[in-house]
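This report goes through a few features of the structure shown below.

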Amino acid sequence: MNAVVEPLVATESKPKMTIRDVHVHYEDVHAVKGIDLDLYSDKVTALIGPSGCGKSTLLRCLNRMNDTISDCRVQGQIYLDGQDIYASDIDVVQLRARVGMVFQKPNPFPKSIYDNVAYGPRIHGLATDREALDEIVEASLEKAGLWQEVKDRLDHQGTALSGGQQQRLCIARAIAVNPEVILMDEPCSSLDPIATAKVEALIDELSGRYAIVIVTHSMQQAARVSQKTVFFHLGEMIEYGDTTQIFTAPQQEQTRDYITGRIG
Amino acid sequence: MIDPDGHMQPDVQGVDWTSPQMQARLKKRYWVDRLFRGLGLSAVAAAALFLIVLLGNIIQTGISGFFQTSIEIDISFDAAILPDPTLPRNEFSQAVAQVNMQRIIRQALLEKFPDVSGRSDTIRLTRMLSSGSRSQLRSLIVRKPEIVGTKLPVQLLASDEVDQAVKGNIDISLPEENRKLKNKEVGWLNQLQLEDRVSLNFHPRFITSGDSREPELVGVWGAAVGSGITLLVTLLTAFPIGLAAAIYLEEFAPRNRLTTIIEININNLAAVPSIVFGLLGLAVFLGAMGMARSAPLVGGLTLALLTLPTIIISARSAISAVPQSIRDAARGLGASPMQVAFHHVIPLAMPGVLTGTIIGMARALGESAPLLMIGMVAFIVDVPTGINDPATVLPVQIYLWADSPERAFIEKTSAAIMVLLFFLISMNGVAIWMRQKFERNW
């Protein structure tokens, strides 16, 4: 049942997710218009473009978060390891465990720091006993660079942390279920520069282990954290390439205009 | 003004903020401000005044309902009439129950007032005391068998008319034929008062006993227990059904024509007059299902119909107030819709749901009209012990007493209103406390 999907660029390694001819409609708005894209396990892919260009919509298709919006229609194919995630035999719950998500605004549960991180492993039965769960929580917080800051107050409310800490807690929560892909929807847009720097360093840290897709409005951020960059405009993919190439030698005039700040 | 580039620019320097017109505008604005503040304040004051007058009136009338007049009479516990106190306890109390207490009391009263003679005067004299004085005396003897053979002063409950006279609620200066308490009785009462044998004491019976035909013997306990059992039935039916309906409508139901119609109808149900729910309860529970009438089960189910829309509406608004980001977070981790609802949304919405439920229950507690329809208006003396016992509830009890002809029921009605208000204010207090304690800023 696994379809063999030819990668867009033959020279690259096997992609983790492949997106082929994806269209998204909201009622009468054609938000995403025929996107083809490959996402790689060892790379950070940045989606950039002006507001309303469909980048967040596309991101939310990758773990089917759009399912709950009743008038949103997704056409085309999205494959995770060659499996169509919109196929009828796909379990959305498992898909979302494999494709984690970090949101624009930090949204920790109003529970303790420990319970925030332990929630995912608990509902998916990833830990057999309390010790194993403790280990997962510690490892996740460690990976998210938060362990040293919170190890003495795991029972404090997650919502009482600072904004940047909350966002890193959300990242820890996402990686606690051991996902293969992490989707980040403008993860730094509500953070100050120092917290942003920490989160960016964290993305760098995680980039080898997970396929990371990040939507961002900040050119500098895209340039700093990603290896691949996609530029969207009005629902269409204008340009896709290595980040260095996009930022130093864009092929399309629209891309050049956007990056230099003339449109957007 | 036209700038060098040829664009129109507003002529800012031209506004004279100190001109008389500007001053007048400013003055008018201040005046309107003051006017509205004054109107608002007087509206609040008027509302507070109404409340104070209402509460003040009820408390002023009702406070004396918690007190009752007793008359001290020297009773001789004649060993010739009363059973042998050395008998075993059971036999003794059975034997005491056979004794005509009325005779003992009459004897004592005639001893006190030796010049009273003739059948009608004797009856008048004995009616100075409550019919409850006989059981008072009986239980005293059973409790203390050692008093048999002695003569002791005993505090016995006065009749309602005497009680009202002592409380000053009967105008003695009226012509004799216009009052129930005749001159002779007033004379006897005055003599007793002179001897300091009349006392007004706190009357625990008003709290602990059920209804009665005699105002001096009534109590709110039966109605309070009836209200309690009824509300329990209401809570146990309306809360789970209401919460489940709210969860389904908010979290699971598709947004379509059918759910829109259901929503509109729930909102409409909340505005339906309560007596209509009474008729529904009458038709369904008593008519179609043949349940026991006048029972807390039926009353509770009828009130559940009444509170259900309130609970659904408040639970829905509490559930929809839980931010979408929490649902997204859980869903993004792979929580199923059920897990999102039960692990996150409902616990966070619970304080709001409970607040709404308590307010709904408080409304049910104060409701009388639908219960009249299902027969909870019967005269019931016994305190109910189960959901199928005949019972009444506090508001209906108030209605029944307000409808009674005896003068003494006026203060009992107000006193019962005080008890009902106490429960209502306590429930609303709990709701406010919960809202404050669990209030959450997102």
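## Contact between chains A and B

In this predicted model, 16 residues of chain B are in contact with 20 residues of chain A. On the side of chain A that touches chain B, at least two residues come from each of α2 (92-98), β6 (99-102) and α3 of chain A. The most are given by α2(A), with four residues.

By type, the residues on this side of chain A divide into ten nonpolar, seven polar and three charged.

## Helices α3 and α6 of chain A

Helix α3 of chain A covers residues 113-123, and helix α6 of chain A covers residues 163-175. Their axes come within 7 Å and cross at roughly 30°. The crossing of α3(A) with α6(A) is right-handed.

On the α3(A) side, the residues that meet α6(A) are Ile113(A), Asn116(A), Val117(A), Tyr119(A) and Gly120(A). Their counterparts in α6(A) are Leu169(A), Ala172(A) and Arg173(A). Five residues of this contact are nonpolar, two are polar and one is charged.

Most residues other than glycine have a negative phi. Asp21(A), which is not a glycine, has a positive phi of about 50°. This residue lies in strand β1 (residues 17-26) of chain A. Asp21(A) counts as exposed because it has 11 C-beta neighbours inside 10 Å, and the cut-off for exposed is 12 or fewer.

In chain B, Asp196(B) has a positive phi of about 60°, although it is not a glycine. Asp196(B) is found in the loop between α7 (183-194) and β3 (198-202) of chain B. With 8 C-beta neighbours inside 10 Å, Asp196(B) counts as exposed.

How values were computed
Residues are numbered from 1 along each chain as its sequence is written. Chains are lettered from A and ligands numbered from 1 in the order in which they are written. This is a predicted model: local features need pLDDT of at least 70, side-chain atom pairs count only at pLDDT 80 or more; totals for chains, interfaces and linings use all residues. Axes are lines fitted to C-alpha atoms, for helices over the stretch in contact, and angles run from 0 to 180 degrees between N-to-C directions. A crossing is left-handed if the near helix is turned anticlockwise from the far one by less than a right angle, and right-handed if clockwise. Two residues are in contact if their C-beta atoms, placed from the backbone, lie within 7 Å. Ala, Val, Leu, Ile, Met, Phe, Trp, Tyr, Cys and Pro count as nonpolar, Asp, Glu, Lys and Arg as charged, and the others, Gly among them, as polar. A residue is buried if 20 or more other C-beta atoms lie within 10 Å of its own, exposed if 12 or fewer, and partly exposed in between; C-beta atoms are placed from the backbone.
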